[in-house]
Amino acid sequence: MSTITTRCPSCNGLNKLPVSRISEQAVCGKCKAPLLDGAPIEGTPKNLDALLTSNIPVVVDFWAPWCGPCQSFAPIFKEVAQQRQNEIRFVKVDTESNPELAGQYRIRSIPTLMVFKGGQRVDFLSGALPKSQFESWLNNAIAK
């Protein structure tokens, strides 16, 4: 059985979640808070492939903690993730902690956003955007 590992948005604990149950209301094994509450999921080498093969579109934000534009874009990404949690999965990949993923996806600048459908990349964009432009780009990418 394929699983993803996700970090609890409340207690920051790691939880394994079967991919077959990803659409259910999963709760943290430690604090019992909802795991998939609309907050972006932390992408790692162990869970990213499983996340990308979701039956709903996935948008990935490749970022780094030292990146100013990444930090300014983070609240926008989080807000849109909460608003569209039932139609799109949102994932953040820290390229500083996961350089192998940055290499695998050929990240040359950050932030870089990628949209995947059925495990295939359908669009990407480098740079931070205001919320309205991000939503417009995301809608166009999802429609592909």
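This is a predicted model: local features need pLDDT of at least 70, side-chain atom pairs count only at pLDDT 80 or more; totals for chains, interfaces and linings use all residues.

Guide: Residues are numbered from 1 along each chain as its sequence is written, and side-chain values use heavy atoms, with hydrogens and water left out.

Visitor: Why is the pair of Lys-92 and Asp-61 called a salt bridge?

Guide: The term asks for a side-chain nitrogen of Lys or Arg within 4 Å of a carboxyl oxygen of Asp or Glu. The closest N and O atoms of Lys-92 and Asp-61 are 2.6 Å apart, so the pair meets that rule. By this rule the count comes to 4 salt bridges.

Visitor: What makes Arg-84 count as buried?

Guide: Buried means under 20% relative accessible area, exposed means over 50%, and partly exposed lies in between (1.4 Å probe, protein chains only). Arg-84 has 13% relative accessibility and therefore counts as buried. Its salt-bridge partner is Glu-87, with 3.0 Å from N to O, and Glu-87 is partly exposed because its relative accessible area is 42%.

Visitor: How do you know whether Glu-79 and Lys-131 are buried, partly exposed or exposed?

Guide: Glu-79, at 36% relative accessibility, counts as partly exposed, and Lys-131, at 25%, counts as partly exposed too. These two residues also form a salt bridge, their closest N and O atoms being 2.7 Å apart.
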